[in-house]
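Hello,

I am passing this structure on to you, with some notes to read beside it. Please open it first and keep it in view as you go.

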Amino acid sequence: MASPAQIRLALYQPDIAGNVGTILRLAACLDLAVDLIEPMGFAWSDRKLARAGMDYLAQADVTRHVDWAAFERTVTGRIVLLSTRGAVRIDAAAFAPDDVLLFGAESSGVPDEVHDRADLRVTIPLVPGRRSLNVAVAAAIATGEALRQIKGWPDAAS
């Protein structure tokens, strides 16, 4: 179970089951909680979710929220949105232990009201002419940087 002072990952209306499975596997391996904000673009029983998450899905700390409002009522820390429209580069952003790292839907990101609600909007810089990263890759990069800053990496198993 994720500690209360540890970052969380949140996915806003994700479209692709395989990406969600990959992010759930990442979170399970790092002992982080994940919030899934519905509706999702696939059924929870989707085989691609299970294939990407492998046997880690049962170990993932997942909370499903029926919509944005239900999710927002549970947030106690800052909402840090990873966005191609982010105002702060990830290498200049300061993360805190109770941040919720929010990632938008693969096909559409987040609507303006969600973008505007974020306490911090962070972008991962890309070379000119490149549009965006896969959401699971972006989640891994952002999670790694946030854990590095807050010294939140799990202790290595001996």
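In which loop is E38 found? E38 lies in the loop that runs between β2 (33–37) and α2 (47–53). Helices (H or I, at least four residues) and strands (E, at least two) are DSSP runs, numbered from the N terminus.

Before going further, a word on where this comes from. This is a predicted model, in which local features need pLDDT of at least 70 and side-chain atom pairs count only at pLDDT 80 or more, while totals for chains, interfaces and linings use all residues. Residues are numbered from 1 along each chain as its sequence is written, and side-chain values use heavy atoms, with hydrogens and water left out.

**Around E38**

Is E38 buried or exposed? E38 counts as buried because its relative accessibility is 17%; buried means under 20% relative accessible area, exposed over 50%, and partly exposed in between (1.4 Å probe, protein chains only). The side chain of E38 makes a polar contact with the side chain of R64, at 2.6 Å. A polar contact is a pair of N or O atoms within 3.5 Å; within protein, one must be able to donate a hydrogen and the other to accept it, and residues adjacent in sequence count only if both atoms are side-chain atoms. Leaving aside neighbours within four places in sequence, E38 is in contact (heavy atoms within 4.5 Å) with Q13, R64, H65, V66 and D67.

Now look at the backbone. Most residues other than glycine have a negative phi, and most peptide bonds are trans. E38 and P39, however, are joined by a cis peptide bond, with omega at about 5 degrees. P39 sits in the loop between β2 and α2.

V66 belongs to the loop between β3 (61–65) and α3 (68–72), and at 63% relative accessibility it counts as exposed. With neighbours within four places in sequence left aside, V66 is in contact with E38 and P39. V66 and P39 are 27 residues apart along the chain, yet their C-alpha atoms are separated by 6.8 Å.

Q13 is in the loop between β1 (8–12) and α1. Q13 is not a glycine, but has a positive phi of about 40 degrees, and at 26% relative accessibility it is partly exposed. K151, in the segment after α5, is not a glycine either and has a positive phi of about 55 degrees. K151 counts as exposed, at 72% relative accessibility.

**Two helices side by side**

Two packed helices are described by the angle between their axes and the distance between the axes. Here α1 (residues 17–30) and α5 (residues 135–150) pack at about 20 degrees, with axes 9 Å apart. That makes α1 roughly parallel to α5, since angles under 35 degrees count as roughly parallel, over 145 as roughly antiparallel, 65 to 115 as roughly perpendicular and the rest as oblique. Axes are lines fitted to C-alpha atoms, for helices over the stretch in contact, and angles run from 0 to 180 degrees between N-to-C directions.

Which residues meet? From α1 come N19, T22, I23, L26 and L30, and from α5 come V135, A136, A139, A140, T143 and L147.

One to look at is T143 in α5, which is buried at 0% relative accessibility. Not counting residues up to four places away in sequence, T143 touches I7, L9, L26, L30, L32 and L101.

Enjoy exploring!
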